[in-house]
Amino acid sequence: MSASADVSVSEFSKDRPFPARLTENRMLNKPGSAKETRHFVVDLRGSGLRCKAGDSLGVFPTNRPEEVAELLQRLGATGDEPVAPAALKLAAPIALRVALTERLALAKPTRKFLETLAAKVTTGAEKEKLAALLAPEAKEALPAFLEEREFVDLLAEFPSARFTAAEFAEYLRKLMPRLYSIASSGTVYPEDVHLTVAVVRYATNGRERVGVCSTFLADRAQPGATPVPVFVSDSHFGPPEDRSKDCIMVGPGTGIAPFRAFMQERVATGATGRNWLFFGDQKRSTDFLYEEEWLDYQAKGQLARLDTAFSRDQAAKVYVQDRMREHGKELWAWLQGGAYFFVCGDAKRMAKDVDAALHQIAAEQGGLTPEQAADYVKQLKKDKRYQRDVY
Ligand SMILES: Cc1cc2nc3c(=O)[nH]c(=O)nc-3n(C[C@H](O)[C@H](O)[C@H](O)COP(=O)(O)OP(=O)(O)OC[C@H]3O[C@@H](n4cnc5c(N)ncnc54)[C@H](O)[C@@H]3O)c2cc1C
Ligand SMILES: NC(=O)c1ccc[n+]([C@@H]2O[C@H](COP(=O)([O-])OP(=O)(O)OC[C@H]3O[C@@H](n4cnc5c(N)ncnc54)[C@H](OP(=O)(O)O)[C@@H]3O)[C@@H](O)[C@H]2O)c1
């Protein structure tokens with residue numbers, strides 16, 4: 001039976017998540033780092049869930065109790081009010097506090113909510129401010145205004161608007177699960193799943209903000225105590241079935257996560273293909289995630305090549321794609337020999353730049369025109385030898 005068939009035999013899924021136990025929450029960055037990347041271990045015992053290298057874990061978070069308390073206070077609600085917002089398709093109403101804590105997203109307010117506020121506010125100053133925000137001239141400024149605010153900010157800024165609990169709940173969207181690349185091999189750790197998570201904390205509009213799920217795992221899920229509802233998300237991203245094939249893995253920052261699973265899996269199953277890792281982060285002294293493990297694989301010859309790009313260790317930025325170009329000749333030779341090329345991590349900039357570097361290497365090392373290089377990369381994708389897991 002294949003590993004993915006195993007996943008489907010579990011009674012747990014996205015619609016029926018497994019209440020897992022968090023058993024470890026450990027900081028990966030060393031003191032002095034500007035980053036907060038954490039290693040989590042989630043215990044899947046009793047779930048029947050299985051995962052293969054490349055899969056992700058879906059996690060259903062809860063919102064911060066302080067934010068829920070402030071919302072209730074600003075709404076003048078106790079939290080016991082029954083609500084059944086359409087977005088949740090509930091069979092029976094639930095208490096407002098439960099809906100705000102577990103089921104509804106408190107960020108990203110919409111224009112529609114501002115329009116409702118405009119109809120509800122009773123003071124001249126609030127009416128004027130909302131009219132200006134909703135005016136056609138403000139069309140471009142409005143998304144930025146909304147982006148910097150959560151629902152609670154708008155209730156604070158426009159306190160004369162009154163909502164019943166049920167009415168307010170209708171404006172909120174469903175709280176969605178977040179996916180995390182699994183950083184451990186199911187062969188090596190059949191009962192556990194390891195995650196590598198960048199904890200999101202920042203400030204906008206004079207308030208401290210947090211990412212809902214990354215801080216649920218980091219701050220609110222007490223190891224061993226709070227159930228963490230999870231499911232396994234099957235993926236086509238994964239090491240080659242033919243274990244004699246070489247793997248080139250490009251995973252800066254949390255992009256390293258699935259490659260930790262790939263390496264564990266390939267070593268455990270005696271894969272004979274070579275492994276080459278490109279890793280990057282801010283500083284070698286504080287941000288070399290799982291450094292000892294990579295150095296150990298390298299010392300044992302299981303990791304044939306390790307190229308790192310620490311962007312803030314020198315005046316000019318150095319990124320993984322710079323290392324790829326520096327070693328373009330060898331990278332091309334690996335590809336010509338049938339190697340698979342994997343990329344994981346930031347989708348907005350990194351994955352695009354790595355893709356451009358791959359095209360450039362194909363053109364320069366393969367003597368291809370830009371069009372031929374584009375065709376070459378397209379074919380790699382078609383053959384599943386160029387796979388990406390980017391977010
Ligand atoms: C297939 C897949 C695999 C993934 N694997 C991993 C993984 O292995 N590790 C990992 O850490 N993440 C991973 N992610 C991302 C993860 O799913 C979440 O998106 C991430 O943890 C943020 O979720 P959150 O709930 O903490 O933040 P949210 O509450 O969703 O908030 C994030 C939002 O906050 C805003 N924001 C964030 N930073 C700032 C800032 N500095 N200034 C202004 N606004 C800001 C942005 O609007 C951003 O969209 C993966 C995603 C996918 C789709
Ligand atoms: N909005 C934010 O402020 C913020 C901050 C951190 C992470 N994030 C997001 O959180 C997620 C996880 O972050 P992460 O910890 O995994 O790592 P990350 O922030 O993506 O950074 C990992 C490494 O990649 C470098 N990098 C930046 N731009 C790059 C590019 N165009 N090409 C190649 N490398 C590049 C970074 O360098 P430099 O940072 O030195 O440029 C750093 O050395 C990502 O999706 C990221 O976008 C957002």
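A quick definition before we start: a residue is near a molecule or strand if its C-beta atom, placed from the backbone, lies within 6 Å of it. This is a predicted model, so local features need pLDDT of at least 70 and side-chain atom pairs count only at pLDDT 80 or more, while totals for chains, interfaces and linings use all residues. Residues are numbered from 1 along each chain as its sequence is written, and chains are lettered from A and ligands numbered from 1 in the order in which they are written.

Q: Which residues come nearest to ligand 2?
A: The shell around ligand 2 has 23 residues. By class they divide into six nonpolar, nine polar and eight charged (Ala, Val, Leu, Ile, Met, Phe, Trp, Tyr, Cys and Pro count as nonpolar, Asp, Glu, Lys and Arg as charged, the others, Gly among them, as polar). The ones that come nearest are Gly 253, Thr 254, Ser 311, Tyr 319 and Arg 349.

Q: Which domains each give at least three residues to the shell around ligand 2?
A: The chain is split into domain 1 (3-60 + 177-233), domain 2 (65-169) and domain 3 (247-390), with bounds that come from an automatic or database domain assignment. The shell around ligand 2 draws at least three residues from each of domain 1 and domain 3.

Q: Which elements supply at least two residues each to the shell around ligand 2?
A: Elements here are DSSP runs numbered from the N terminus: helices are H or I with at least four residues, strands are E with at least two. For ligand 2, the suppliers are strand 12 (275-281), helix 13 (320-326) and helix 15 (350-366).

Q: Where does ligand 1 lie, going by the domains that give residues to its shell?
A: Its shell has ten nonpolar, seven polar and two charged residues. Domain 1 and domain 3 both contribute to that shell, so ligand 1 lies between them.

Q: Which element gives the largest share of the shell around ligand 1?
A: Of the 19 residues around ligand 1, Tyr 202, Gly 211, Cys 213, Ser 214 and Tyr 391 come nearest. Two or more residues come from each of strand 6, strand 7, strand 8 (201-204) and helix 9. The largest share, four residues, comes from strand 6.

Q: Why is one side of strand 6 and of strand 7 left without a neighbour in the sheet?
A: The open sheet here has six strands in the order 6-3-10-1-2-7, with antiparallel pairing (two strands pair if DSSP finds at least two bridges between them). Strand 6 (178-181) and strand 7 (192-198) stand at the edges, so each has a single partner strand.

Q: What is the bridge partner of Glu 24 in strand 2?
A: Strand 1 (residues 18-27) and strand 2 (residues 37-43) run antiparallel and are joined by six bridges. In strand 2, Glu 24 is partnered with Val 41.

Q: Which strands are at the edges of the five-stranded open sheet?
A: The order is 13-12-11-14-15, with parallel pairing. The strands that pair on one side only are strand 13 (305-310) and strand 15 (386-390).

Q: How many bridges join strand 14 to strand 15?
A: Strand 14 (residues 340-345) runs parallel to strand 15. The number of bridges is five.

Q: How is helix 14 oriented against helix 15, parallel or perpendicular?
A: Helix 14 (residues 328-336) and helix 15 pack with their axes 9 Å apart, at an angle of about 90°. Axes are lines fitted to C-alpha atoms, for helices over the stretch in contact, and angles run from 0 to 180 degrees between N-to-C directions. Angles under 35 degrees count as roughly parallel, over 145 as roughly antiparallel, 65 to 115 as roughly perpendicular and the rest as oblique. That makes helix 14, relative to helix 15, roughly perpendicular.
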